[in-house]
Amino acid sequence: MPRLFRTAPVPRTARRLRTPRTGGAVGIALALLLSAPAAGAIAAPAPTPPTSPKPSLRLTNPRIVAHFNFDAGQTPENIALEPDGAADVTLALARQVVRVDRHGATRLLATLPAVANPQTPLVGAAVVSGIVRTKDGSLYVAYNTGTSESGVYRISPNGNVTKFVDLPANGFANGLALDEQHKRLYVADSVLGTVRRISLAKQPEVTAWATGAALEPSTFIGANGIKVRDNAVWVSNYDRGTLLRIPIEKNGAAGPIRTQATGLTGIDDFAFAGQSTTVLAALNTVDGELVLIRPDGTHTVLLTRADGLSGPTAVAIRHHRVYVTSGAFLTGIDPNLLIADVAKPETGDGKAEDHGKTEDNAKDEDPGRREDHAKDEDHAKDADHARDEDQGGREDQARDEDHGRDQDQARDEDHGRDQDQARDEDQGRDQDPADDQAGDDNGADQDADQDEDEGEDSRTRG
C-alpha cells in the first residue's frame, strides 16, 4: 500500500469495501484517492462551512437512471453531456467510457488501453478520470497509469481511441475543462498541484499554466474538479475544501489565485448553473451531498444520500436537468447516475429565473436543445398560433361583416338611385307626349288659319 496511507488511519467504512477485481489494496487505495474526504479531513480539518437557508434554485424528482457494477470496476468518476441529453461517463477502475441515454440504456463507447504494470502515484492502478466533449462530438479523457501511457486521450465520434498528449507519469490528471472559444483544455493535477493548459491543435502544446499552495494537496488530493467560466479557470481543492478562481490574463497567463468558497469538505467536481457563477458541487463523503454555492461563498444542500447519492463525484447541467455521478468508492454500494429536475423559482418581476444552459455548452446551440424543452416550445407556439388564428378569424369575420354591411348599404343606395331615376324617367315620359300633342295641335290650328286667310285673299282678288 502506498506510503501516504500511513499518515492517516483508514476509515472503518473503507475496510468494509467489497474489493474490485483489480485487487484489494488497489481498490481501497483508489477509493481513498478519488473520494475519501476522511483522510484529508483528519490532516486538514475544514472551517465551519458558511450556509444559506434559502437556495436560489430547487431540485425535484431525483431518480437514478442507471446502476453500475462496483465489483466489475464500474465506478462513475466524471461526466460530459451530449446535445440530446445522453451522458458520457468515465468508469474509473474499468478504464471505460460509456454512454447512458435519457432512459437509462447504457452502451460502451471505448476502453482505454491496458497497461501491463501500472504505477499510478498513490494508487498503482490505471485510472480514467476527467472527460469533456467538443462540438464535433469528440471526447477527451484523462488517463493515469504511472507510465509513459499517461496522458489525455481522444475518442472520435466513431469510437477510435488515440493518445492526444503525454502527461507526467508522476502526476494524477483528475478533472478536465474545455475552453472551446480559445481551443484549449485545462487539466487539474491532484498530486502535483498544477493546472496544465493544452492547445487543441494538430501539434498540441502542454504548459504548466498555474501552480501554488492553494492547488496543492495538504496530505492527499489537491486540485480536483475544474471548469472555465467568465475568463477564469475555477478549481476545487479536495483536501482543503475550497473552490478557487484563477483569472485568465489578456496574454493568456494565469492571474493570482483567489479563494471563492471554503468549508466544502470532500468537494470533487462541480458545474455552473446557467450563465451565473452559482455552482453546483459534489461533496464526495460517506454522507454524500450535492450543494449549491453562491457567488458570496455561502452554500446550501440540495441532494443527499436519501435522494440516491452514493459518494457523488461529478455534476453536469443541461436544460433544467441536473446529472450527478456517484462512484460509491467509500461504501461500495450502488454506483449510479442520478438525474433531477430544476424547479425554476420566480424572480422579483414574477418571471422564472433561467438556469437552463450547461456550463460547457452555453454557446453550443447545435442540436443541443432538450427534447422536453423543444416540446414545451412547440406547445407554446401551437397555443400562440391557435390564439392568433382565433383572433385572426374574429378579425376576418368582423371585416367580412363590415364589408357585407358596406355592400348591402351600397346596393340599397344603388337601388334607391335606380328607383329615383326610374321615377324621373317615367314622369319625364309622361310629360313629353302631352307637350308633343299640344305642339301638334297648335301647328294644325296655325295651318288652318293660314289656309283660311289665303282663301279669303284669293276671293277678294277675283
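1. Four strands form an open sheet in the order S6-S7-S8-S9, with antiparallel pairing. A strand here is a DSSP run of E with at least two residues, numbered from the N terminus, and two strands pair if DSSP finds at least two bridges between them. The edge strands, S6 (127-133) and S9 (161-166), each pair on one side only.

2. The model is predicted: local features need pLDDT of at least 70, side-chain atom pairs count only at pLDDT 80 or more, and totals for chains, interfaces and linings use all residues. Residues are numbered from 1 along each chain as its sequence is written, and side-chain values use heavy atoms, with hydrogens and water left out.

3. Within the sheet, S7 (residues 139-144) and S8 (residues 151-155) are joined by five bridges in the antiparallel sense. Tyr143 stands opposite Gly151 in S8.

4. The largest nonpolar core has 17 residues. Such a core is a set of buried Ala, Val, Leu, Ile, Met, Phe, Trp, Tyr and Cys residues joined through side-chain atoms within 4.5 Å; buried means under 20% relative accessible area (1.4 Å probe, protein chains only). Strands supplying at least two residues each include S20 (289-293) and S21 (299-303), while S24 gives the most, with three residues.

5. Val322 is among the residues with the most contacts inside this core. Leaving aside neighbours within four places in sequence, Val322 is in contact (heavy atoms within 4.5 Å) with residues including Leu59, Leu280, Leu290 and Val315. Apart from this core lies another, of 16 residues, among them Val65, Phe68, Ala87 and Ala316.

How values were computed. Buried < 20%, exposed > 50% of the residue type's maximum accessible area, 1.4 Å probe, protein only.
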